[in-house]
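I opened my notebook to see how this chain packs together. Here is what I looked up, step by step.

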Amino acid sequence: LICISMDVSLFQDLLETAAIKTIPVTGSGGTSLAQAQARFSKLVLVGNAGGSVATTTQTRSISYTYSIAKHFQRTKEYKPWTSNSQQNPNWTSVLNSALPAFW
């Protein structure tokens with residue numbers, strides 16, 4: 001389950017079900033995720049379930065996917081940053097987000 005700055009009271013039923021069924025939850029919006037964790041003690045937060053400042057949509061997507069894969073012990077199959085001769089990760093986008101003045 002990926003949550004993006006959610007209203008915990010609006011999605012209370014969904015979060016309660018996720019807690020009961022131990023469905024892993026990740027996302028951005030650290031305050032709302034902390035509120036959900038406080039309200040549903042058995043909620044399983046995975047990955048860097050926090051804010052999204054200085055990240056790109058691509059790095060957030062990779063983080064969410066990897067966190068869920070790791071929870072289900074599938075990281076041998078999913079390696080987002082494994083480089084090969086045809087495609088290397090582009091760190092410029094990460095650095096541009098972290099330091100907008102980086103060139």
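Which residues make up the largest nonpolar core? I kept in mind that this is a predicted model. I found 11 residues in all: Cys3, Met6, Val8, Leu15, Ala18, Ala19, Val25, Leu33, Ala36, Phe40 and Leu43.

**Entry: helix 1.** I looked here next and saw that Leu15, Ala18 and Ala19 are buried. They lie on the same side of helix 1, because they cover an arc of only 100° around its axis. I reminded myself that an α-helix has 3.6 residues a turn, so residues three or four places apart point the same way. Turned away from that buried side, I found the exposed residues Asp13 and Ile20. The cover over the buried residues of helix 1 includes strand 1, strand 2 and helix 2.

**Entry: Leu15.** I checked what leucine 15 touches, leaving out residues up to four places away in sequence. My list reads Leu1, Cys3, Met6, Val8, Ala36, Phe40 and Leu43.

**Entry: after helix 1.** I noted that threonine 22, which follows helix 1, has a positive phi, near 50°.

**Entry: helix 2.** In residues 30-39 I found Ser32, Leu33 and Ala36 buried. They also share one side of their helix, because their arc around the axis is only 100°. Thr31 and Ala38, on the other side of helix 2, are exposed. Among the elements covering the buried residues of helix 2, I wrote down strand 1 (2-4), helix 1 (12-20), strand 2 (24-28) and strand 3 (44-45).

Methods
Residues numbered from 1 in each chain as written. Predicted model: local features only at pLDDT ≥ 70, side-chain atom pairs only at ≥ 80, totals over all residues. Heavy atoms only, no water. Buried < 20%, exposed > 50% of the residue type's maximum accessible area, 1.4 Å probe, protein only. Helix = DSSP H or I, 4+ residues; strand = E, 2+ residues; numbered from the N terminus. Arc of directions from axis to C-beta. Contact = heavy atoms within 4.5 Å. Core = buried A, V, L, I, M, F, W, Y, C linked by side-chain atoms within 4.5 Å.
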